[in-house]
Amino acid sequence: MLAAVFAVAGAVAAIPTAELRPLFTLSEGLALPSDVAVGRDGRIYVVDSGNHRIAVFERGGKRLSTFASRGSGPDQLLDPVGIGIDPSGQVYVADKGNHRIQIFSADGAPVRSLALKAGGKDVAPVDVAVDAAGKTIYVTGNNNHKVMAFNTDGHLLRQWGGEGVNRGEFRYPASLAVGADGRIYVVDILNTRVQVFDLDGSIYTVGEWGVLPGQLFRPKGVALDRQGRVYISDSYLDVVQVFSSAYKFLHVLGAGGKPQPLTSAAGITIDTNNRLYVAEMLKHRVTVFELPP
């Protein structure tokens, strides 16, 4: 798909790029990895979706362990998609097939489950993130097109959205991230944008439909760096684009003046050591890069 990236009327637009350096890939035993998260101790947690489990790697890339298996028990998962880690190191998994959020210890021991329902119907979660204070759990719902916020006891605090194209509405919300300032970033897949929600009620939009630099075609993952820049993966354009903290397009990540080729890029994350992790589902791997300083 790279040959078609940012093409219009057969002409390829000039592409501003920022250099990044590939470090290594995580692939041992993975099948259709959909998302990735990094703990404070540097351990890397990969949603091994095809195997209905979580794979754990050390910071250097060596696989340490796996936990969970296919099923509906307290230590099992069914079609997991997204993952998040709270400040204490607990691991939260969007257990889509079981309509719940599964919470594990950092070592993979089951802690508890959060069943998801709306209007008496089961909700299929796609991603989960916990705020910096560890007090609010945010979940995107695939079949109710909403973002839901829970406290740590599992009580629903608020929800918003619903299916639609207007600001504040979604068509299949997916990955989400919570900024240090509390802003919530939600990938709105079929509306080809990332919506940003401020605690004061303000709503911002990052990206728009298209195949030119700064536009999105099939956004999947979102992550923030320490400067508040917004990184968005696109599974159709096969790139990661970067926007400023004011949500203006900056550049595409790449090397040698060309975009870094990716395959079906899904969930992404950035750790405190300025590393970018990209789940490439159809390549059955997570690729790790060093970001530009």
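A search of the whole structure finds 11 salt bridges, a salt bridge being a side-chain nitrogen of Lys or Arg within 4 Å of a carboxyl oxygen of Asp or Glu. The model is predicted, so local features need pLDDT of at least 70 and side-chain atom pairs count only at pLDDT 80 or more, while totals for chains, interfaces and linings use all residues. Residues are numbered from 1 along each chain as its sequence is written, and side-chain values use heavy atoms, with hydrogens and water left out.

**Salt bridges**

- Asp 122 and Lys 117 meet through their side chains at 2.5 Å, N to O; Asp 122 counts as partly exposed at 35% relative accessibility, whereas Lys 117, at 55%, counts as exposed (buried means under 20% relative accessible area, exposed over 50%, partly exposed in between, with a 1.4 Å probe and protein chains only).
- Arg 193 and Asp 188 form a salt bridge at 2.8 Å, N to O, and both residues are buried.
- Salt bridges with shared partners join Asp 41, Arg 43 and Asp 107 into one network.

**Aromatic pairs**

- The structure holds 8 aromatic pairs, for which rings of Phe, Tyr and Trp (its six-membered ring) must have centres within 6.5 Å, with planes under 30 degrees apart counted as stacked, over 60 as edge-to-face and the rest as tilted.
- Tyr 185 and Tyr 247 form an edge-to-face pair, 6.1 Å centre to centre with 75° between the planes, and both are buried.
- Tyr 204 and Tyr 247 form a tilted pair at 5.7 Å and 50°; Tyr 204 is partly exposed at 27% relative accessibility.
- Ring pairs also link Trp 160, Phe 170 and Phe 197 into a cluster.
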